[in-house]
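The sequence and the model are shown first, and the description follows.

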Amino acid sequence: MNITVFLGAPGSGKGTQAKQLVEKFEFVHLSTGDMLRSAIKQQLPVGLKAKTYMDQGNLVPDSVMIELIEEALLSLPKSEDSNIILDGFPRTVPQAKSLDSKAKTRISKAVNFLVPESVLIPRLTGRRVCPNCGESFHLIFIPPTKKDTCNKCSSAIIQRADDVEEVVRRRLDIFKSQNQGLVDYFSEQNKLINLNADKSVSVIQDELLKVLKQ
Ligand SMILES: [Zn+2]
């Protein structure tokens, strides 16, 4: 098993890259959200454990997340256990250490998607929604035809409270403080690859494939 961890801020494009690697090349992408949903749906013990925390609005603790990931990794069919991309996990150094403590789940590399904050902020604050019909827009990626107006029903589109700059900056700060520990951890083991991700999707993909093949 060859496990690569994707590190990067929300809006850094790592999810898009992971998706493309799966579609075009033989990569398997494990995201914590998908794994959680699937474990709950299959009523696995670890899924039910996670659900009791989520139902109470709490974060699923490290120990349960680790169990979930390990189970997902170890239960992959033989045909799919070659190139794995983990996205959104490990989120903390203890989680990374736990995966590294077993030969089968040892992390091979970590790719750090670097995008300047001046680029991330407009991406993360650009979403607009129509309060009337629910249509969504993005000022950079899917702008409405007429400024601040829904294409479908002509209502005034709005920015959700989650998307305002102050909230987005707070989310980025939390990410940065957590991520720094992982960056240091992987760097000390010479597993860290810094990737300039402020480029087009196809250019990033070429560079990514190059480093993943090394
Ligand atoms: Zn509308």
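Which residues in α3 meet residues in α4? Val46, Lys49 and Ala50 in α3 meet Val64, Glu67, Leu68 and Glu71 in α4; two residues are in contact if their C-beta atoms, placed from the backbone, lie within 7 Å. By class, this contact of α3 with α4 has four nonpolar, no polar and three charged residues. Here Ala, Val, Leu, Ile, Met, Phe, Trp, Tyr, Cys and Pro count as nonpolar, Asp, Glu, Lys and Arg as charged, and the others, Gly among them, as polar.

The model is predicted: local features need pLDDT of at least 70 and side-chain atom pairs count only at pLDDT 80 or more, while totals for chains, interfaces and linings use all residues. Residues are numbered from 1 along each chain as its sequence is written.

**Overall form**

The chain contains eight helices and seven strands. These are DSSP runs numbered from the N terminus, helices being H or I with at least four residues and strands E with at least two. The radius of gyration, taken over C-alpha atoms, is 19 Å, close to the 17 Å that the globule rule gives for 214 residues, so the chain is as compact as a globular protein of that length. The rule is 2.2 Å times the number of residues to the power 0.38. Along the principal axes, the C-alpha atoms fill a box of roughly 55 × 40 × 35 Å. Of the 214 residues, 26% count as buried, a term that requires 20 or more other C-beta atoms within 10 Å of the residue's own; a residue with 12 or fewer is exposed, and one in between is partly exposed, with C-beta atoms placed from the backbone.

**Helix packing**

Two packed helices are described by the angle between their axes and the distance between the axes. Axes are lines fitted to C-alpha atoms, for helices over the stretch in contact, and angles run from 0 to 180 degrees between N-to-C directions.

The axes of α3 (residues 45–55) and α4 (residues 62–74) come within 10 Å and cross at roughly 150°. The two helices are therefore roughly antiparallel to each other, a term for angles over 145 degrees.

Helix α2 (residues 32–41) also packs with α4, at an angle of about 85° and with the axes 10 Å apart. That makes α2 roughly perpendicular to α4, as angles of 65 to 115 degrees are called. Thr32, Met35, Leu36 and Ala39 of α2 make this contact with Met65, Leu68, Ile69 and Ala72 of α4. The residues divide into seven nonpolar, one polar and no charged.

**Backbone features**

Most residues other than glycine have a negative phi, and most peptide bonds are trans.

| Residue | Phi | Loop |
|---|---|---|
| Gln43 | about 55° | between α2 and α3 |

Gln43 counts as exposed because it has 9 C-beta neighbours inside 10 Å, and Asp148, with 13, counts as partly exposed. The peptide bond from Phe89 to Pro90 is cis, with omega near -10°. Pro90 lies in the loop between β3 (83–87) and α5 (93–100).

**Surroundings of Val5**

Val5 lies in strand β1 (residues 2–8) and, with 23 C-beta neighbours inside 10 Å, counts as buried. Not counting residues up to four places away in sequence, Val5 touches Leu86, Pro90, Ile107 and Ala110. The C-alpha atoms of Val5 and Leu86 are separated by 4.8 Å, although these residues are 81 residues apart along the chain.

How values were computed: Parallel < 35°, antiparallel > 145°, perpendicular 65-115°, else oblique.
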